[in-house]
Amino acid sequence: MTDLVTIVIPVYKTEKYLSACVDSALMQTYKNIEIVLVDDGSPDNAPKLCDDLADNYDSISVIHKENGGLSSARNEGIKAAKGKYIMFLDSDDRLPQDLVEDMLRIISEEKSDAVIPDSYYKVYENKDDQILSYHFTEEMFSDDPKIFALEILIRKGRSRRSTSVLYNLDLIKNNDILYPLGRISEDFFFSLDFFSAAEKISLYKKPSLFNLKREGSISSSYYENFFDTVLEMDKEVQKFIARIDKDKYGKYIEGSRETLLYRNLLIYVINVMGAKQHSYKERKTRCIAMLKNETFQEALHSDVGTPYFEGNFQKIYMGISLKLIKMRMYSLTCFLAYIAARINTV
């Protein structure tokens with residue numbers, strides 16, 4: 001195998017972690033790799049560190065740009081990429097040493113458009129714990145991208161992360177697939193567009209990433225306007241469903257959109273009820289308004305299933321909350337979410 005693989009690493013306020021991240025790409029057992037560092041106007045010492053790395057390694061190039069967010073940085077990486085395949089990596093995460101070689105072998109042998117991992121490791125900044133976490137089980141996987149999107153990405157709300165996935169770059173460029181600007185959960189929108197265009201995907205059965213959990217990271221941030229994103233995701237799912245063959249995928253479509261909408265909203269209700277910057281009364285008022293939203297209420301009349309979670313407590317929480325909402329017991333739903341936030345169940 002001699003195909004060039006591009007690894008795109010957006011960089012913003014991560015000078016503390018950048019060297020370890022880049023090292024994990026440089027130390028891959030597969031060597032025909034180019035690394036594109038996209039400095040997204042980082043105000044720390046990261047831009048200089050990027051330049052130093054590029055000076056020391058021929059395989060590294062740097063793009064400096066004004067701050068525009070993660071999506072714009074990844075999009076610049078896509079435009080600059082020269083590889084046959086592309087992988088995205090956040091600058092505070094790390095890759096297993098044999099990941100690219102393993103994934104490249106799979107995508108070549110199976111002639112697929114992407115290789116999707118089933119798991120990753122959660123690692124922590126101030127402790128040595130390394131926790132194996134699953135996106136989905138092997139039994140859930142389908143190499144049909146439409147079924148995978150409906151069953152895993154949408155119905156179960158899993159495998160949203162687009163980092164440490166090996167993609168066919170031509171498919172991305174030929175279909176003008178880019179990350180949406182100004183949106184939260186940009187990986188979800190990108191993945192949905194990719195699965196719309198793809199014909200076949202493959203499964204990677206080992207952990208593909210060491211994902212750092214730290215204070216101040218994008219994934220740990222609270223967003224005041226995330227309910228807007230919940231509704232945007234719902235609209236995009238409906239568009240995706242409208243594009244695909246109803247006769248072929250009908251049984252997978254039924255209830256999938258509604259289940260994701262329910263999952264996303266309930267998780268956000270937990271986040272809102274746990275937001276200490278607002279009073280309990282303010283939090284409850286806001287959550288009740290979301291629960292009474294017309295789009296959400298309409299979805300409740302359809303076949304809403306209990307979303308997939310690894311932990312049994314989370315499944316029980318989702319099931320109880322659904323019953324409470326259908327009984328219009330919104331205050332009790334909010335209190336349950338408040339308790340869930342306190343014990344960090346989701």
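Because the model is predicted, local features need pLDDT of at least 70 and side-chain atom pairs count only at pLDDT 80 or more, while totals for chains, interfaces and linings use all residues. Residues are numbered from 1 along each chain as its sequence is written, and side-chain values use heavy atoms, with hydrogens and water left out.

The structure holds 16 aromatic pairs (rings of Phe, Tyr and Trp, the last by its six-membered ring, with centres within 6.5 Å; planes under 30 degrees apart are stacked, over 60 edge-to-face and the rest tilted). One of them joins Phe88 and Phe190, edge-to-face, at 5.8 Å centre to centre and 85° between the planes. Phe88 belongs to strand S4 (residues 85–88) and Phe190 to helix H7 (residues 186–197), so this pair ties together parts that are 102 residues apart in sequence. Helices (H or I, at least four residues) and strands (E, at least two) are DSSP runs, numbered from the N terminus. Phe88 and Phe190 are both buried (under 20% relative accessible area; exposed is over 50%, partly exposed in between, with a 1.4 Å probe and protein chains only).

Phe226 and Tyr268 make a tilted pair, because their ring centres are 5.4 Å apart and their planes stand at 55°. This pair, too, links distant parts of the chain, with Phe226 in helix H8 (residues 226–243) and Tyr268 in helix H10, 42 residues apart. Phe226 is buried at 14% relative accessible area, and Tyr268 is buried at 1%. Helix H10 (residues 256–273) also holds Asn271, which is partly exposed at 38%.

Back at Phe88 and Phe190, both rings belong to one aromatic cluster, together with Phe136, Phe141, Phe148, Tyr167, Tyr179, Phe194 and Phe195.

Charges meet rings as well. The charged end of Arg94 sits over the ring of Phe210, 4.8 Å from its centre (CZ of Arg or NZ of Lys within 6 Å of the ring centre and within 35 degrees of the ring normal). Lys127 has its charged end over the ring of Tyr124, 4.6 Å from the centre.

On the surface, Phe313, Met327, Met329, Leu332, Phe335, Ile339 and Ile343 form a nonpolar patch with about 660 Å² of accessible area together. Such areas come from the Shrake-Rupley method with a 1.4 Å probe, and for residues only the protein chains shown count as cover. Patch residues have over 30% relative accessible area and no salt bridge, with nonpolar side chains (Val, Leu, Ile, Met, Phe, Trp, Tyr) joined within 5 Å and like charges within 9 Å; a salt bridge puts a side-chain nitrogen of Lys or Arg within 4 Å of a carboxyl oxygen of Asp or Glu. Helix H14 (residues 330–343) gives the largest share of the patch, 4 residues. Ile339 is found in helix H14 and counts as partly exposed at 35% relative accessibility.
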